[in-house]
Amino acid sequence: MNDKLALLLLCALAPVAGALAAPPKAPGPQVWTNTLGMAFVKVPAGSFWMGSDEAPETLAEAFPQLERKRFTEITDEGPAHRVRIGRAFYMGQHEVTVGQFRRFIEASGYRPESEADGTGGYGYNLDYDPATTTRGDAFEGRDTRYSWRNPGFPQDDDHPVVNVTWNDAQALAAWLSRTEDQRYRLPTEAEWEYACRAGTRTRYPHGDAPKGLERAANVFDQAAAPYWPRWQQHALAGSDGYAFTAPAGRLAPNAFGLHDMLGNAWEWVADWHGDHYYAQSPRTDPRGPADGSVRVRRGGSWHTWAFYARCGYRNWNSPDTRYTLVGMRLVREIGRPRAR
Ligand SMILES: [Ca+2]
Ligand SMILES: [Ca+2]
């Protein structure tokens, strides 16, 4: 081989050699996208410790700015117990967004409860004073000015939809199931917590301390505190960059590749709430009490203090509740044909 030919060969091979030498990319989550543009991540079957039974004294030490009674009000988080999730499922990688919800409304003709019942939703209003209302709600409402279309602060199409009810979530899941011939639903409470923890057992996926939460969760932080100066002492020390909702997926994902499980919007789950349910729940695929009056929501929101944005924290509302802080995320089942 003469020198010229050798040089030509070397040049031809160089890009290939370069490509082969490139370090392998870390594998991302396996993502599946549906007709509304919702991304879903496969969450494997497995077991985890659900709930929390930390002593009030321990929590008081960790959250010194909170009154002690707050630590005795959360006995529904215990006992911590081992739960098996019997089959893999697709979990929404993000909360359902405003744009996805709008496409659902336009395609289905569904009227969200806040509009159908004529009472509206809740919204942020700088001039609103909770002291002027009997319920003392933190936000103005119900008011027909507010709905999923308008929570009183600007939202782009990629922000999580709020002011949606548990019943609205059921309607979206049913419509998607019908049009795509799949089985969509809200996650069970156990699936939600399993997905939130993603293999961890600490208060937050990154550990027990609120510090660091700002990298993965849009909560009540230094960006939000100027809007609510009287709650300044409860703001996270760091800044996640958002005073109100953040575009879905802007902050770091957990080990399953899921974004915003904590913070941004509270997420409806399928289960009724039961104060003593964990003491007697089935150890495999629990589905919540057989009946009840309030449905569970999980994960905290853009307005939530760190203590209430733990993976184990449970809150609830009636299924027709719509609020500035509450949204949803869906599950798509794997390998289970839709019931006909
Ligand atoms: Ca924030
Ligand atoms: Ca969330």
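**Entry 1: a bridge in β11**

I started at Arg295 and found its bridge partner, Asn317, in β11. Helices (H or I, at least four residues) and strands (E, at least two) are DSSP runs, numbered from the N terminus. Strand β10, residues 295-298, is joined to β11 by 4 bridges, and the two run antiparallel.

I am working on a predicted model: local features need pLDDT of at least 70, side-chain atom pairs count only at pLDDT 80 or more, and totals for chains, interfaces and linings use all residues. Residues are numbered from 1 along each chain as its sequence is written, and chains are lettered from A and ligands numbered from 1 in the order in which they are written.

**Entry 2: the sheet around it**

I traced an open sheet of 4 strands in the order β11-β10-β9-β12, with mixed pairing. Two strands count as paired if DSSP finds at least two bridges between them. β11 (314-317) and β12 (326-327) are the edge strands, each pairing on one side only. I then looked at what covers this sheet. Helix α7 lies across β9 and β10, at about 140 degrees to β9. For such angles, axes are lines fitted to C-alpha atoms, for helices over the stretch in contact, and angles run from 0 to 180 degrees between N-to-C directions.

**Entry 3: the antiparallel sheet**

I followed another open sheet, with 5 strands in the order β1-β2-β5-β13-β8 and antiparallel pairing. β1 (31-33) and β8 (184-185) each have a single partner strand, so one side of each has no neighbour in the sheet. β2 and β5 share 4 bridges in the antiparallel sense. Val41 stands opposite Met91 in β5.

**Entry 4: Met91 and the core**

Which residues touch the most other members of the largest nonpolar core? I found Met91, Leu186 and Ala195, in a core of 73 residues. Such a core is a set of buried Ala, Val, Leu, Ile, Met, Phe, Trp, Tyr and Cys residues joined through C-beta atoms within 7 Å. Elements giving two or more residues to this core include β2 (39-43), β5 (89-92), α6 (166-180), α7 (189-197) and β9 (266-272).

I listed the contacts of Met91, leaving aside neighbours within four places in sequence: Phe40, Val41, Val43, Pro187, Ala195, Leu258 and Val331. A contact means C-beta atoms, placed from the backbone, within 7 Å.

I noted a cis peptide bond between Gly78 and Pro79, with omega about -5 degrees. Pro79 sits in the loop between α3 (69-72) and β4. A cis bond also joins Gly141 and Arg142, with omega about -15 degrees. Arg142 is in strand β7, residues 140-143.

Asp181 has a positive phi, near 55 degrees, and is not a glycine. Asp181 lies in the loop between α6 and β8. Is Asp181 buried or exposed? Asp181 is exposed, with 10 other C-beta atoms within 10 Å. The cut-offs are 20 or more such atoms for buried, 12 or fewer for exposed, and in between for partly exposed, with C-beta atoms placed from the backbone.

Ala198 also has a positive phi, about 45 degrees. Ala198 is in the loop between α7 and β9, and is partly exposed with 17 other C-beta atoms within 10 Å.

**Entry 5: the whole chain**

I counted 7 helices and 13 strands in the protein. Of its 340 residues, 42% are buried. The C-alpha trace spans about 90 × 50 × 45 Å along its principal axes.

Conventions. Two residues are in contact if their C-beta atoms, placed from the backbone, lie within 7 Å.
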